[in-house]
Amino acid sequence: MGKEKQEIYSIAVNGTKDIERVDTERSDEGDGKEKRKRHSKKDHQKELKKDLDLDDHKLSTKELEDKYGTNIVQGLASTRVAELLAQNGPNVLTPPKESPEIIKFLKQMVGGFSSLLWAGAVLCFIAYLIEFSKDKSASMDNVYLGVVLIMVVILTGMFAYYQEAKSTNIIASFTKMIPRKAFVIRDGKKREIPAEHLVVGDIVEIKGGDQIPADIRILASQGCKVDNSSLTGESKPQSRTCHITHENPLETKNISFYSTTCLEGTATGMVINTGDRTVIGRIALLASSLGHEKTPIAIEIEHFVHIVAGVAVSIGIVFFIIAICMQYRVLDAVIFLIGIILANVPEGLVAAVTVSLSLTAKRMAKKNCLVKNLEAVETLGSTSIICSDKTGTLTQNRMTVAHLWFDKQIYQADTSENQNDQIFDQSSATWASLSKIVTLCNRAEFAPRQESVPIMKKVVMGDASEAALLKFSEVIMGDVIERRKRNRKVAEIPFNSFNKFQLSIHETEDPNDQRFLLVMKGAPERILEKCSTIMIHGQEQPLDESTAEAFQTAYMELGGLGERVLGFCHLYLPEDEFPDTYTFDVESMNFPTSDLCFVGLISLIDPPRSTVPDAVMKCRSAGIKVIMVTGDHPITAKAIARSVGIISANSETVEDIAKRLKIPVEQVNKREAKAAVVSGMELKEMSPEELDELLIYHTEIVFARTSPQQKLIIVEGCQRQDAVVAVTGDGVNDSPALKKADIGIAMGFAGSDAAKNAADMVLLDDNFSSIVTGIEEGRLIFDNLKKIIAFTLTKNIAELIPFLIFIIAGVPLPIGTMAILFIDLGTDVIPSIALAYEKAESDIMSWKPRHKKKDRLVNHQLALYSYLQIGILQSVGGFFAYFTVYAVQGFKPDRLLYLRPLWENGILNDLEDSYGQEWTKYQRKYLECTGYTAYFVAVMVQQIADVIIRKTRKNSIFQQGLFRNKYIWVGIASQIIIAVILSCGFGGIPILNFITLWVQYWFVAVPYAIVIWLYDEFRKLLIRRYPGSWWDKTMYY
Amino acid sequence: MTKDEKKPLEQTLGEWKRFIYNPGSGEILGRTAESWGLILLFYLAFYGFLAALFSFTMWVMLQTLNDETPKYRDQISSPGLTIVPKPHGALEFSLNVSKPSSYENHIIGITNFLRAYENQRQEYHIYCRNGTIFDQDDLSPKKACRFPLETLETCSGLTDESYGYYEGNPCIFVKMNRIIGLRPQGEPRIACAVKEGKDVKLVTFPKNGNLDLMYYPYYGKKLHVGYLQPLVAVQVMFLTHEQEVTIECKVEGSPNLRNEDDRDKFLGRVAFKISLTH
């Protein structure tokens, strides 16, 4: 049974080939699969083509019963259910394969700097073993250090893992669905079971509002309509019947798919596919098999790790060789190597970066951008192209009255979200008639029990246009339902696609007027046909040529705006012909439907969200290209694009130019047109080169009538231009594009679970402008990460130089490895995180997006400025503190040079200082620790200056405001407090090598801290003064 | 996806070559000669400035010090004890009486050490008053007290140039570290005792191992020219052959000289081992 099914439902999701080729290959499934594997690796222009080999829609009820061993009336037997459930598993989508937690955890511990630290730890143990083999009483210091290093790796790994897990959990809790129920007939009884217990062959019942619990073949239907938008992206309701209407299983109306929703009516169906074998399941699987590109920030951090590791390893090796050449013992050389590696690795940075990213993620979540993957926070900031959906993202996703035409004049209606001021002229008598038609010729109703809800937010039962008209009249005229009651409906012909009009006949509310009122609305040209008069200022006038022309112009104009236009007309039925008691029969149409009086036009549109034009402007000034990708008609798409500014007011498409110059489209120079509207059909014909050209030469692009699959092609086209592409999507079919995009953005409301799974980010309010705020945050965090890294790298030099001087000049060691760890993981952590709270220096949204390959997170300016300038300055300051401590205690700098062999000699207990005093080994050790502490404090003091100068990269600190970011001060306080605790509290713990330092030593490096600050102000001043100069290029990081 | 494809080796090499020297733009290592010149000039100036800054701050700092006494002496409040001669490695002597090479170095070490105490070098030293602190805070120049080698008797080298090593009764000299301004209280003396081993007798010179107070305080290398710190010699008299002993010497009799520090094994005490063979 299982085998057979596989044959029937095997799906050919093809990554590379055209439809024709799929057809030929289907016979040879195994071969095809292999080829697919090979191709999917490197093929660029994928046409995602689903070909569902499903024939259940062609089978008769009887055949279906046989095939699935079920009975349409009785349902499955419970024994059979258990069997099938065991065989096929529950009816759920397997969540995308995630690496096991332990692997994720271990990954945190080997990536990046961790490997360097592991190497350091191993060297520590080796050093101890060498020492131990020579001398059984070797000191355990190296072992302690090794253990500490391993602990550092594990702790930072755990921390990063925890942060990552926390942010993943936010999304996990978000996507967790409410358990769905399904009505099923089993053993002849109807019962409600959790949807995941459904098996193939189950008979299920569906009613309006339900989500389809599995792929089902419809057996009976009563006015059932489904919304397939989660599958196809098209939100138009589709009816479902039990008859086959199309060869293609995806098109036929007797199959309903898992995760689509039933809008109205009821249906009974047989489950034919469950879980991952459903159509949705297969697409989701495809999406999860698409490889995810590395996020830009991951690439940047990798690049940065390479730089730092490169510096660490090369300096380490160079000095290892130097040490050997200077005839140090190998053991000593190894210990130097450890020190150099340790000094070079910014141990606390990974934690700081993770925290900063998750802080931003939290901030974004508040602004309705829920980030699934921490790194996506920054990706959004480097976005250079946004491919946005139209419906729901750019628009409000509800039809709204946009324009009215009556008295030969176009009036504009308010389309904002709350529609509180309708400003058009309502004094005309024509409007009174029109409003009456709008109110009466309408079947939509408000759902009950929402009296307190604002009108625009009320739920309406009925189709989108009718709902729009209902709300429109409710806003303007008040209680529509009451008015309808006063004008009792006596007959009605609902809208159908054949008639293209809707008609109803009402009693009038005027008790003196016994006439019936016939009201009609529908496609304008159809309505006009039925009219012989037109109402102008409340007066009926014959419909002459000029009026008809005026009508045509208005119709064209409104249609050209991409709006759906409806015509309205009415007729008061003569009292003598249609008395009070007249029975209207809608079948025989025993009433006039011609020679009516034309009243007006109303056009509807799904209006843009009011915040979107601003957001698009922001994107434009931020150098981000916004491309609209929609399934809608090109005219509508273009109109919306114009109204939100995706196509700016003065730019033209090729067609516009052709129209203006009155020349054929082919003669227009394509480069002249800034804007382009491309339909899915045209896109299909395009070669990748043509698409590239289109993407390069047109800044304002709208893709209309595209299938969700074509999104993938567009995304790949953009990525060929080295752009960082953000894609919004909600349907299941969007998920491959979401996955392929550098950052996939799923919609929180409208989005399907598959889309949310594939996306990196979820927009909680489905609003395009939230993306823009997200971009702002992303750019800010990129800038702030630069600051954090620059801050962190600086002191690495101050930690490294002591080792180098120690090796070369033979002075007592200025700073110990423990002190280094305490700077990296103690005093520096909170200030570096505080930099993540720094406000933007200038309007970051006026800059071009960073170039993925040119604008690096860590560029050479940053490295050089941090390493060779501020870092060296800090080292000098540190050495000043170090020399001071030794000098005031009796060892002047000249005495220290090349003193190391004597200084470290364990049995030399009468080493003479500059004054003739003699020191025991322990006393020297104690002095050495004082030196460590002094150097440590000096670095800490200068890092205070460093964190202050890193607040800005270009502006003066005073422009930025010293106190605007309070966290910086928390950070500075933490630096001081940690240093004080270390110096005072832990002075007694021998392996930490801290000494209670006298107050005066704490201020030794203050002049250097001031110099650092002054120098950086000077640097910034020159950068501001001379933009583009050599200084700017060299010193601006 | 395509980005990850490996570039062919030749291309990589070519890129490197172009990086090292780009004939098109005249760039060496990614910069033109002019750019290199500018950047080197900048760093020259920057480091020049740093050097000046460092020198200036160091100069200011050194100005606050005086040449005679260090600013602080808190880290050496109590002196350490050391011995002469110093064996190589740990404080362990292994002496073979019949093999002079096993102690020749020690004899040379001692002779060199005692050279400063030779009588002709003490011509300008004064005879000080025994048993009292020789306070000369107001005196300039500071006087150094005589330390007659004779006090060390048989270990003085005056009678036995081998300091007892030939006979297998080696002399070990114990001294207390110089610390500027240290004024021992009480009657400090070096007391040595056998910690491990038996059949040895210790003879201390001068008797009781006294450290005379007249040698204190010390005024530092610069002021106190020719200062001689008092010595105590311990002669280890082995009663039997083939011996191994551990001897510990401590400063005693002075409340402000510590000798029991847990961490500093040489603060006011010193322990050494002698193994002797014939």
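Modeller: Across the interface of chain B and chain A, 24 residue pairs are in polar contact, with both residues at pLDDT 80 or more; such a contact is a pair of N or O atoms within 3.5 Å, one able to donate a hydrogen and the other to accept it, and residues adjacent in sequence count only if both atoms are side-chain atoms. On the side of chain B that touches chain A, the elements giving two or more residues are helix 2 (33-63), strand 4 (81-84) and strand 6 (171-176) of chain B, where helices (H or I, at least four residues) and strands (E, at least two) are DSSP runs numbered from the N terminus. Helix 2 of chain B gives the most to that side, with 14 residues.

This is a predicted model, in which local features need pLDDT of at least 70 and side-chain atom pairs count only at pLDDT 80 or more, while totals for chains, interfaces and linings use all residues. Residues are numbered from 1 along each chain as its sequence is written, chains are lettered from A and ligands numbered from 1 in the order in which they are written, and side-chain values use heavy atoms, with hydrogens and water left out.

The contact (heavy atoms within 4.5 Å) takes 53 residues from chain B and 51 residues from chain A. Together the two chains bury about 4,600 Å², 61% of it on carbon and sulfur atoms; this is the accessible area (1.4 Å probe) lost on putting them together, summed over both. Six salt bridges are counted between chain B and chain A, each a side-chain nitrogen of Lys or Arg within 4 Å of a carboxyl oxygen of Asp or Glu. B:D67 forms a salt bridge with A:K892, and the closest N and O atoms of that pair are 2.9 Å apart.

Most residues other than glycine have a negative phi, and most peptide bonds are trans.

A:Q327 sits in the loop between helix 11 (296-325) and helix 12 (330-344) of chain A, whereas A:D595 belongs to the loop between strand 21 (564-573) and strand 22 (596-605) of chain A. A:Q327 is exposed, with a relative accessible area of 72%, and A:D595 is exposed at 53%; exposed means over 50%, buried under 20% and partly exposed in between (1.4 Å probe, protein chains only).

A:T794, by contrast, is buried, with a relative accessible area of 0%, and its place is in helix 28 (residues 768-809) of chain A. Leaving aside residues up to four places away in sequence, A:T794 touches A:S866, A:I870, A:G871, A:Q874, A:Q943, A:D946 and A:R950. With A:R950, the side chain of A:T794 makes a polar contact of 2.7 Å.
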